Amino acid sequence: MDIIRQIKNFKPYNEQEKHDKIGILKYLEKEKNIFTRDNKIAHMTASAWVVNKGRNKVVMIYHNIYNSWSWMGGHADGEEDLFAVATKEVREESGLNNIIPISKDIFSLEILTVDGHIKKGEYISSHLHLNITYLFEANEKEVLTVKPDENSGVEWFGFDESIEKSTEPWFKERIYTKLNKKLNKL
């Protein structure tokens, strides 16, 4: 499986990525249905950090379930090419069509906790997202569109503002701050 090779070759940026890399590889080796939501404990997801050409802004969506500004992404739903999943999710959730990968390599990875919630009238139990993040560039003048069943806003923010806009403390502290710092080192 190509994603296992990619994760094994990934160089962690910090302790969180070091530990989560080990955890994701263990899940991939031992769990069944890891690329589908049939695995109710943990499943693969892909996210995208989409920046402008000047690399001083990021596009975020206002996520309806989490009631917070967040990155774009979604479930693998059987697809093992997580780069393709991240690309599809950006297009669906933001309306951006002219996205350019800064690299097709993994930009970040994380094990994310998801609290139980209601989706489409059905209760979804708490579980883990084994998430792979990719880095893209887009033109901030391209028209953004909302995907009403998932988000109620799409906007470009400066890096500091992207952290301030999130209402999820762990994401603010451990994810979005990390992504912005990693981007500044490219």
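1. Basis. The model is predicted: local features need pLDDT of at least 70 and side-chain atom pairs count only at pLDDT 80 or more, while totals for chains, interfaces and linings use all residues. Residues are numbered from 1 along each chain as its sequence is written, and side-chain values use heavy atoms, with hydrogens and water left out. Helices (H or I, at least four residues) and strands (E, at least two) are DSSP runs, numbered from the N terminus.

2. Helix α2. This helix has 16 residues and reaches 23 Å from its first C-alpha to its last, close to the 22 Å expected at 1.5 Å a residue; the expected span is 1.5 Å times one less than the number of residues.

3. Burial of α2. The buried residues here are Q16, E17, D20, K21, G23, I24, L25 and L28. Buried means under 20% relative accessible area, exposed over 50%, and partly exposed in between (1.4 Å probe, protein chains only). The cover over these buried residues includes α1, β1, β6 (108–114), β9 and α5 (169–184).

4. Packing of α1 on α2. The axes of α1 (residues 2–9) and α2 (residues 15–30) come within 10 Å and cross at roughly 160°; axes are lines fitted to C-alpha atoms, for helices over the stretch in contact, with angles running from 0 to 180 degrees between N-to-C directions. The two helices are therefore roughly antiparallel to each other, a term for angles over 145 degrees. I4, I7 and K8 of α1 meet K21, I24, L25, L28 and E29 of α2, where contact means heavy atoms within 4.5 Å.

5. Helix α3. The 13 residues of α3 (residues 82–94) should span 18 Å at 1.5 Å a residue, and the end C-alpha atoms are 18 Å apart, which agrees. D81 caps the N-terminal end, a side-chain oxygen lying 3.2 Å from the backbone nitrogen of F83. The helix is followed by G95, whose phi is positive, near 85°. Among the buried residues of α3 are L82, F83, V85, V90 and E93.

6. E89. Leaving aside neighbours within four places in sequence, E89 is in contact with G73, G74, H75 and E150.

7. V146. This residue is found in the loop between β9 (127–137) and β10 (151–158) and is partly exposed, with a relative accessible area of 40%. V146 and E93 are 53 residues apart in sequence, yet 6.4 Å apart in space, C-alpha to C-alpha.

8. Positive phi values. Most residues other than glycine have a negative phi. N33, in the loop between α2 and β1 (42–51), has a positive phi of about 55° although it is not a glycine. K120, in the loop between β7 (117–119) and β8 (122–124), likewise has a positive phi of about 55°. N33 counts as partly exposed at 46% relative accessibility, and K120 counts as exposed at 77%.

Note on methods:
A polar contact is a pair of N or O atoms within 3.5 Å; within protein, one must be able to donate a hydrogen and the other to accept it, and residues adjacent in sequence count only if both atoms are side-chain atoms. Angles under 35 degrees count as roughly parallel, over 145 as roughly antiparallel, 65 to 115 as roughly perpendicular and the rest as oblique.
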